[in-house]
Amino acid sequence: MSTVVYVPGDAGARSLGAGEVAQALTAEARRRAADVTLVRNGSRGAYWLEPLVEVAIPAGRVAYGPVSAADVPGLFAADFLRGGGHSLALGATDSIPWLQGQQRLTFERVGVVDPTSVADYVKHGGYRGLARALTMSGADIVQAITASGLRGRGGAAFPTGIKWKTVLDQHTAQKYITCNADEGDSGTFADRMLMEGDPLSLIEGMTIAGIAVGATQGYIYLRIEYPHALRALQAAITAATQARYLGNDVAGSGRRFELEVRLGAGAYICGEETSMLESLEGKRGEVRVRPPLPAIKGLFGQPTVVNNVITLASVPWILDHGAEAYANFGTGKSRGTLPIQLAGNIRRGGLIERAFGLSLRELLYDYGGGSATGRPIRTVQVGGPLGAYIPASQFDTAVDYEALSGIGALLGHGGIVVFDDSVDMARMARYAMEFCAIESCGKCTPCRIGSTRGVEVIERIIQGIDAERNVQLLEELCDTMVQGSLCGLGGMAPYPVQSALKHFREDFRARPR
Amino acid sequence: MAERRGRPGPLLEILHAIQGELGYIPGTAVPLVAEGLNLSRAEVHGVVTFYHYFRRSAPGTHIVQVCQAESCQSMGAEALTEHARARLGIDFHETTANGRFSLEPIYCLGNCACSPAVMIDGELHGRVTPERFDALIAAGEKAT
């Protein structure tokens, strides 16, 4: 009988040699005439163990990692196809402590299933949410999403149910479901992992959204930096269409829903929803003035749901298990689970899905094992390039929307970038302004011009030129940008700068260089 | 273009198709696209120049993108970038004299748990050391 071996096709695992491992495995199996079926799954998210090779033995799946192509003959020699002992053996995958403590709802199938197989998806609980949705009225589906407490996981944390209700209440012939897959924040990769590892859950979530609000066309706006995700999505859309889960008769219901991937072109601003809509229309990604809200006048002027990948991919679980089951996870107004991405200078980085409420300290030390360099962690930036830098004295803060906003920070898309004590915070502040200058769409003057002036002012501070006066000028500039910009880019780019000034003032003093 | 014209919001799609085919968007393409979509040249030019991804001149055989974002910075992207510049003898947005490599900055490749990251011709590389970078470039020098 053929033994199933899993080698991730995930871009991150491939970046560490998973492709070479898969090749070596196929070649070695042929040489030994071993009957092996290779499945390219997603990543489990434990990136320090990638490439993580798994073997399905009668007792369940066992893992080996991190495996290099050179290790492959040794694994065969150790009879890894029957779970044999080896220095890289990690035991049952589910019992790896880093994975065991997680509460994977949205990511329950990522790293588990074959992302290209509808049959495997269904075998692991896929399309049960859609089946449930097809027995409900649009209003009841929207009510379930509202009751679940799901908030936009892209960063803005707006209640998803309210957004859907607004679109449901519009009476137009054409409505759209759009998925924002322009995951541009440094330190985030949850969208990428999900699209590569379980793209059908996103497709199912968008289909449910379409059924709920009465939209027949969906678009996934995917960033160009994710070519592997593009291939995974296209393969999954083709498979779902062939299995009649997409098209003019979704799962035999007589309802229509079609889906298309549209590529971005390397503009961070297009992760802002109105800029994304402009880009989807084939225009410059300049921010629109709101109102009107996209839910009322969105893509091509029609009512449009704009949700992030993780938000939409959480919908099937909620419909399948019920709103209450989802709302039972989490704390306060942060209901459900959050896929947290631990990144940067960290020993055990990767994806941790847990109910809201875990502290930064637990994440950084219990999961992360401290910095990769072994030096003390000085700060973390949470929520991408527009997120605040948080000092070690605040590491007991819980990772939820309210707790982070309580200390002047933001959760954003759930990425945590770790820095050790060699970081120079004045330079990180200058980078925040540089990034804003590069990525500004140009619509608002405080963002377009202010960011460039910000770089210059911080440069003068770093050079030790009239530091005190320039720090004051920088603070005023930050205020102007926050107050005078339409969207989050200009309005939030000062956050990392202000937090660096507040918590790491010593780095902004004139010093020998 | 004819096959895309009827679709909603076709301009970006058409530009992607041109760059996919030629590696860049030649200036001569702008009036053709403008005419085909009943847009002004300025509108098409405006879109081409808005997006970092669209190039207006032919790139080298291999496109080397080094991530500059915070996560990679925390793991030494700045030093890796300096190394890349020295190894290839070019700055960002330049192409080596033999036309072999173009060097570009990029802002997040979504590989932040394996920083610093580099992408070469659409394939991702993680935890890239200067030695690993040199090996990847050496492979690119051999490959056609």
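Biologist: What makes strand E3 (residues 53-57) and strand E4 (residues 60-64) of chain A a pair?

Modeller: In this predicted model, 5 bridges join E3(A) to E4(A), and the two strands run antiparallel. Pairing needs at least two bridges, so E3(A) and E4(A) count as paired. One example is A:Glu54, whose bridge partner in E4(A) is A:Ala63.

Biologist: Which strands are the edge strands of the sheet, and why are they called that?

Modeller: The sheet is open and has 5 strands in the order E2-E1-E3-E4-E5 (chain A), with mixed pairing. Strand E2 (36-39) and strand E5 (89-92) of chain A each pair on one side only, and they are the edge strands. Direction ignored, neighbouring strands of this sheet are turned by 25° against each other on average. Helix H2 (residues 18-31) of chain A packs on the sheet and touches strand E1 (3-6), E2 and E3 of chain A. The direction of H2(A) makes about 170° with that of E2(A).

Biologist: Why is strand E6 (residues 176-181) of chain A called largely enclosed?

Modeller: A residue is buried if 20 or more other C-beta atoms lie within 10 Å of its own. In E6(A), 6 of the 6 residues are buried, so the strand is largely enclosed by the rest of the structure. A:Tyr176, A:Thr178 and A:Asn180 point one way, A:Ile177, A:Cys179 and A:Ala181 the other way, and all are buried. In a regular strand, side chains alternate between the two faces of the sheet.

Biologist: How do you know that E6(A) pairs with strand E7 (residues 217-222) of chain A?

Modeller: There are 6 bridges between E6(A) and E7(A), which run parallel; at least two are needed. A:Asn180 stands opposite A:Tyr221 in E7(A). E6(A) also pairs in the parallel sense with strand E9 (residues 304-308) of chain A, over 5 bridges. There, A:Tyr176 has A:Thr304 as its bridge partner.

Biologist: What makes helix H13 (residues 309-321) of chain A mostly covered?

Modeller: In H13(A), 12 of the 13 residues are buried, among them A:Val309, A:Trp317 and A:Asp320. Just after H13(A), A:Gly322 takes a positive phi of about 100°.

Biologist: How do helix H9 (residues 190-197) and helix H11 (residues 227-242) of chain A cross?

Modeller: Two packed helices are described by the angle and the distance between their axes. The axes of H9(A) and H11(A) come within 8 Å and cross at roughly 40°. The crossing is left-handed. The contact is made by A:Arg192, A:Met195 and A:Glu196 of H9(A) and A:His228, A:Ala229, A:Ala232 and A:Leu233 of H11(A). By class, that contact has 4 nonpolar, 1 polar and 2 charged residues.

Terms used
Residues are numbered from 1 along each chain as its sequence is written. Chains are lettered from A and ligands numbered from 1 in the order in which they are written. This is a predicted model: local features need pLDDT of at least 70, side-chain atom pairs count only at pLDDT 80 or more; totals for chains, interfaces and linings use all residues. Helices (H or I, at least four residues) and strands (E, at least two) are DSSP runs, numbered from the N terminus. Axes are lines fitted to C-alpha atoms, for helices over the stretch in contact, and angles run from 0 to 180 degrees between N-to-C directions. Two residues are in contact if their C-beta atoms, placed from the backbone, lie within 7 Å. A crossing is left-handed if the near helix is turned anticlockwise from the far one by less than a right angle, and right-handed if clockwise. Ala, Val, Leu, Ile, Met, Phe, Trp, Tyr, Cys and Pro count as nonpolar, Asp, Glu, Lys and Arg as charged, and the others, Gly among them, as polar.
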